[in-house]
Amino acid sequence: MKFSERLFKSAEGIFNSYYEHPFVKGIGEGTLDVDKFKFYMVQDYLYLLDYAKIFALGIIKSDDEEVMRGFAKAAEGILDGEMKIHKSYMKRLGITDDEVKNSKRSLTNLSYTHYMLTESHNGSLAEVAIAVLSCAWTYWEIGKKLAQIPNSTEHEFYGEWVRGYSSEEFGNSAIWNIDLVNKLAQSKSEEELNKLEEIFINTCKFEYMFWDMAYNKEM
């Protein structure tokens, strides 16, 4: 069994809970309150700024040129790819650059990013790879799930979000992360694997908390 299969089995219940969350369902069904989505967009943009920094740590902690290129490409994909979706929506929602700069991160947002950064700083390359995995993997799974809803990809407002996270391009970035984790796990002891699994489960839980935070507009 690949380590990623073990991770998925451990987190399958959490993955399934995303699909039933009212925020996620609201995007797929096109019924989510736009004001909730606006709050989410600002918080997620701030989240991505810290998320990209973790990929930079992957470059620092690796001595393998191809792995370093992979982390660099992933960081670029966040800053110049994923953030394009956010900037497109922020323009449509009338969110200015000053509004984003002056916005505070919610407690959930801070707790999540600080947890990932701490584990990545204190751990090895494997901790870096596992810390960022749940975000990429769960968004891809959510995107694919929502894309199965009739007309979700063509919705005049939320369609762009569904198309972006269900796209082959985004999927490839998640697959790269999954493959890297599997490769790094091969040389780990059972004790080390348990630690990596714990980080993955915790970040999956943080993902659910982030959806909750956005839906309830909690600071």
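These questions and answers concern a predicted model.

Biologist: On which residue is the kink in H1 centred?

Modeller: Helix H1 covers residues 3-20 and reaches 26 Å from its first C-alpha to its last. Along H1 there is a kink of about 60°.

Biologist: How far from Glu207 is the nearest side chain of opposite charge?

Modeller: Glu207 lies in helix H10 and is buried. Among its contacts beyond four places in sequence are Tyr18, Tyr112 and Ser134. A salt bridge needs a nitrogen of Lys or Arg within 4 Å of a carboxyl oxygen. Glu207 has no salt bridge, and the nearest side chain of opposite charge, Arg105, is away by 13 Å.

Biologist: Is the pair of Phe37 and Tyr89 stacked or edge-to-face?

Modeller: The whole structure holds 30 aromatic pairs. In this one the ring centres are 4.9 Å apart and the planes stand at 70°. Planes over 60 degrees apart count as edge-to-face, so the pair of Phe37 and Tyr89 is edge-to-face.

Biologist: How many residues apart in sequence are the parts that this pair ties together?

Modeller: Phe37 is buried, with a relative accessible area of 0%, and Tyr89 is buried at 0% as well. Phe37 lies in helix H3 and Tyr89 in helix H4, so the pair ties together parts whose separation in residues is 52.

Conventions:
Residues are numbered from 1 along each chain as its sequence is written. This is a predicted model: local features need pLDDT of at least 70, side-chain atom pairs count only at pLDDT 80 or more; totals for chains, interfaces and linings use all residues. Side-chain values use heavy atoms; hydrogens and water are left out. Helices (H or I, at least four residues) and strands (E, at least two) are DSSP runs, numbered from the N terminus. The expected span of a helix is 1.5 Å times one less than its number of residues. The bend at a residue is the angle between axes fitted to the seven residues ending there and the seven starting there. Buried means under 20% relative accessible area, exposed over 50%, partly exposed in between (1.4 Å probe, protein chains only). Lys and Arg count as positive and Asp and Glu as negative; His and the chain ends are not counted. Contact means heavy atoms within 4.5 Å. Rings of Phe, Tyr and Trp (its six-membered ring) pair if their centres lie within 6.5 Å; planes under 30 degrees apart count as stacked, over 60 as edge-to-face and the rest as tilted.
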